[in-house]
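Open the model in your viewer and keep the residue selection tool at hand. The stops below go from sheets to charged side chains.

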Amino acid sequence: MNKSVSVIVPVYNTEEFLKECLRSIVDQTYKNLQIIVVNDASTDQSAKIIDQFVAEDNRIECITNSERMGVGYCRNLAIEQAKGDYVYFVDSDDLLHKKAIEYLLLLQGDESEIIYTSHIVKINKMDEIEESLKEQEKEEDLLHTRLLPDFGFYKRMTVLSVLFPLHLIQSLRLKFDEEVDSYSELSFLMPIYQQYKIVVGKNSYYFYRLRNDPITNPSLSQRGYDLLLHDFANIYDRLKNKYANNEEICKYLDKQLIRLYRSNFILLMKEDKKKEAFDKLSNVMKLLSEKQVKKQNVVIRGELRALQKGQYKKYTRILGFHHFGRDTRKSLTSLNKLYRQIYRDVFIKMPLNDKKIVFASFLGKQYADSPKAIYEYMVEHYPDYEFVWVFNETGRKLPGNAKQVKRLSLAYYYHLATAKYWISNMRQPLHLKKREGNVFLETWHGTPLKRLVFDMDEVYSANPKYKKNFYQQSRLWDYLIAANPYSSEIFKSAFKFDKKMLEYGYPRNDTLYQNNNEDYISKIKKSLNMPLNKKVVLYAPTWRDDEFYEAGKYKFDLKLDLQKLREKLGDDYVIILRMHYFIANNLNIDGYEGFVFNMSKYDDIADLYLISDILITDYSSVFFDYSNLRRPILYYAYDLEKYRDQLRGFYLDYENQMPGPILKTTDEVIDAIQHIDQIEEDYKERYDEFYEKICCWETGHATEKIVQEVFKK
């Protein structure tokens, strides 16, 4: 093979992906490449990254636009500079296997063939690439080729993972549409539709990245349905007129319109504000052939004809019937889905009860945290309200007369639909709808050390839609509690929160000021059957984002040597283990009874703070709350480098700002406990600075101030 390939990479604000993308191109096993990078007026660090690669590799040429022009313009501009026998397009957030281009060239027959791979692998993280390759055939089988009779190449509506002969692009004057951001490929592909030989490789070596942040910097495919509709309607209209005499191209375009309507645009039309979208769809549907309309089922056919005639009210009725029928079919597959439909179609239309409040803590797992503090204050001072608590298991002993409902039960949906107030320390499920008049008080569940949501570059949790889901869920919040100025600033950026921030401290921390006395502490110790003559060490680590079996199933390995701890400290101390609620069920302390107490399921961790003489943690936010007590804190951070640099990253300088020593082994932990008085003395100045930064709003009266703010009317 002596053919040259021009690789074209448009770039706009993809600094977090760009190094991996360009590295995967320059490291190709096939070396005869011209690499054209078009910087479309990026405002992030993309330009610096490009310059670094240009300096390292003389095959790279950079074109920089002074203003943003769009991906179609960038590709057209690069094609004018292309010198290779073939042109290969790469998006700047994607990746290539090192043999991606070599493999396609091995499939080459004559010089007029368009060569592509039959599928593109979608990935969320780098480590998914190797998993994907394992599923593909061995290298000696890679030369599998075939002609594709059903023109699946065009159904993809993409130019990615394809080798286009440059002479073909030039002779047909193929160009990308420059008036739209999405679907610009259609104008490039239509002139070759059904006209040229397509060679297909069975294996794929192009890795299409599914971005985890479609809110801050979405890819073109992650833009809102309204924007996608605008672009498709624009290019569809022009191409239908341009190829009006070409029956096959018109049929192809019509099929794409119907496919996108059924998968995307129909969801847009379900939203409340849809008249503008209806008008746009109505105009474009007038170009749809009657033959394609007749091929649809009776409901879709009715929708399409109502759109063609501009009959908004009729369309809305048919669409409502369509969604009701679909939802009903889904609801019959499980009891919970049935409850959801009753919630949407019945409960949510009932009157709101202005004096009903629904409380939840840690998704129904506990009666604890700030929702508990607010509830108990209101029971005492506002007994005329109706209180509802959500639990996974009901039948708990609570002060007051609150109703208890099982999470995700029919009663749960009824009370959420009819209560004016929701109070929770977590996000609500995505399917819950907020009504006009609803007030959602989000207490949150900690001061953050680890970077959160939109302050995270990469998400290593089990859910690749984490950021998108979080954004949608946090739009429900009317009030958000921040315990200190530090948290307030972080929440604004990490949650994109722009409503009312309640800056009075955490209600859950009031008890640390009101009940920090011997009588209360002795009472709690006795209730937990703990010895009164021994000091207490509380170990409360966080969970690791990458420690999961699958979505919703988490694991944890206890790294403290309990046997050593008992041998060295057992005469004077007992250990309380308080694991994150994700992993609370995964502990086994058989053989350590009387020395180790697993309090992971104990509802209120504030009680555990009060009875503890020393806190051991790692990256959990518990030390922020515990610092209100001014008691010693040890940081058992055995995996600091990995956690800090790979998984999350921190808001604080962990090694220089923590109000206690960082320890890596069980022996170091034991030594620190044995010399705790010296550690307190050594870290006193740092602790005082930390206390002023984190505890400055805490007075023991946060609950009272927040209730007065939220319920003052």
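Which residue in β23 is the bridge partner of L577? Select N598, for N598 in β23 is that partner. The model is predicted, with local features needing pLDDT of at least 70, side-chain atom pairs counting only at pLDDT 80 or more, and totals for chains, interfaces and linings using all residues. Residues are numbered from 1 along each chain as its sequence is written, and side-chain values use heavy atoms, with hydrogens and water left out.

**First sheet**

Strands here are DSSP runs (E, at least two residues), and helices are runs of H or I with at least four residues, both numbered from the N terminus. Two strands pair if DSSP finds at least two bridges between them. Now extend the selection to the open sheet of 6 strands, in the order β23-β22-β19-β24-β25-β26, where the pairing is parallel. The edges are β23 (596-598) and β26 (662-663); each has a single partner strand, so one side of each is left without a neighbour in the sheet.

Next select the open sheet of 7 strands, ordered β14-β13-β12-β15-β16-β17-β18 and paired in parallel. At its edges stand β14 (403-406) and β18 (500-502), each with a single partner strand, so one side of each lacks a neighbour in the sheet. On average, neighbouring strands of this sheet are turned by 20° against each other, direction ignored; the axes behind such angles are lines fitted to C-alpha atoms. Within the sheet, 4 bridges join β15 (residues 419-424) to the parallel strand β16 (residues 439-442).

**Charged side chains**

Go to E709 and K500, which form a salt bridge with their closest N and O atoms 3.6 Å apart. E709 is in helix α30 (residues 702-710) and K500 in strand β18, so the pair ties together parts 209 residues apart in sequence. The structure holds 25 salt bridges (a side-chain nitrogen of Lys or Arg within 4 Å of a carboxyl oxygen of Asp or Glu).

Conventions:
Axes are lines fitted to C-alpha atoms, for helices over the stretch in contact, and angles run from 0 to 180 degrees between N-to-C directions.
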